[in-house]
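Dear colleague,

Please find below the sequence and the structure that I am handing over to you. A summary of what was found follows directly after.

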Amino acid sequence: MNILFDELPVPVEEWDAAPRFVSLAITNLCDLRCEYCYAPKTSHSLSIESVCNWSRELDANGCLGVGLGGGEPTLHKDFFEICDRITQATDLAVSVTTHLNRLDYEGLDRLCEVTHFVRVSMDGVGDTYEKLRQRSFAELTLKIAYLARKMRIGLNFVVNEDTIGDLEYASRIASELGVAEFVLLPQVQTARVARVPCEVEDRMRKWLSTYGGPLQVSISESAVAEGISIANPFQDTCGAYAHVDAMGFLRETSFSVSGTPIGKNGFMATYLMMYKESE
């Protein structure tokens, strides 16, 4: 648990050097072919040694948590060992973003043992989900409910023309399944699809303004950049977040088009150099 004391200002010279949270795309591999996915379609994966070394650096420099994603992170050959090593060797909170389809119930139990939070990708409900993901929605909900009984989990929901009509129903299902967090991801432009249409975005904004349910609702950084307001308790915006792609490039966010390769001096040396150049 992280507690924000905004009544106790900390001098800048005493701030931690690392970002508060870092997402790591440990692999670009994925067994789905969602047209709206912005992740690169390559076979690149990060080595277990790199991920664990960077995690130890982050922990030593004040980072609060890392998020493992992709691609589909469970396709990384060392997925469970990576999670286990980070949880055993650091005080970082470890979260994972997964479509969940590859794991059986033994795998779900293992996931609970080596992570602190799981975000499940669920774009649409029922027929919409099955059309987009080519997987069983009924099986997915059983796994979500099973996980939610054992740990705190969230749902990621891509908002586009296909899914916007399911938004209210999806939030109700999420509540019924015991989900704690609901993250909206407005569709971004990829090689195959355009960004979310304005009329769809307007419907999403209206839903956000009227939602009064029990879920903690969040939204992607790309949507904030498009002018959707959020409640942000942090006064400083620099140094809050960073992303490492599956080729080992450090980026400001997962949507950034450019990045800096992390050299042999490690994560922090690259991060501080990139952070200084941006000032």
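I begin with Ile 153, which is buried, with a relative accessible area of 0% (buried means under 20% relative accessible area, exposed over 50%, and partly exposed in between, with a 1.4 Å probe and protein chains only). Please note that this is a predicted model, in which local features need pLDDT of at least 70 and side-chain atom pairs count only at pLDDT 80 or more, while totals for chains, interfaces and linings use all residues. Residues are numbered from 1 along each chain as its sequence is written, and side-chain values use heavy atoms, with hydrogens and water left out.

Ile 153 belongs to strand 5 (helices, H or I of at least four residues, and strands, E of at least two, are DSSP runs numbered from the N terminus). Not counting residues up to four places away in sequence, Ile 153 touches Phe 117, Val 118, Ile 144, Leu 147, Ala 148, Val 179, Ala 180 and Glu 181 (contact means heavy atoms within 4.5 Å). From Ile 153 to Ala 174 there are 21 residues in sequence and 10 Å in space, C-alpha to C-alpha.

Strand 5 (residues 153-159) also holds Asn 156. This asparagine, Asn 156, is buried as well, its relative accessible area being 9%. Its contacts, leaving aside neighbours within four places in sequence, are Thr 97, Arg 119, Val 120, Ser 121, Met 122, Asp 123, Val 183 and Leu 185.

Next comes the nonpolar core (a set of buried Ala, Val, Leu, Ile, Met, Phe, Trp, Tyr and Cys residues joined through side-chain atoms within 4.5 Å). The largest one has 65 residues, and Ile 144, Phe 182 and Phe 267 touch the most other members. Helix 5 (residues 137-148) gives the largest share of this core, seven residues. Another core, of six residues, lies apart from it and includes Cys 34, Tyr 36, Val 158 and Val 193. Beyond its neighbours within four places in sequence, Ile 144 is in contact with Leu 100, Val 120, Met 122, Ile 153, Leu 155, Leu 177 and Val 179.

Lys 143 is also in helix 5. At 10% relative accessibility, Lys 143 counts as buried. With neighbours within four places in sequence left aside, Lys 143 is in contact with Leu 100, Asn 101, Leu 103, Tyr 105 and Leu 108. The C-alpha atoms of Lys 143 and Leu 100 are separated by 7.7 Å, although the two residues are 43 residues apart along the chain.

Helix 3 and helix 5 pack with their axes 10 Å apart, at an angle of about 35° (axes are lines fitted to C-alpha atoms, for helices over the stretch in contact, and angles run from 0 to 180 degrees between N-to-C directions). On the helix 3 side the contact is made by Tyr 105, Leu 108, Asp 109, Leu 111 and Cys 112, and on the helix 5 side by Leu 142, Lys 143, Tyr 146 and Leu 147.

Finally, the buried residues of helix 2 (residues 79-89) are Phe 79, Ile 82, Cys 83, Ile 86 and Thr 87. Seen down the axis of helix 2, these fall within an arc of 120°, so they line one face of the helix (the arc is that of the directions from the helix axis to the C-beta atoms). They pack against helix 1, strand 2 (65-69), strand 3 (93-98) and helix 3 (105-114).

With kind regards
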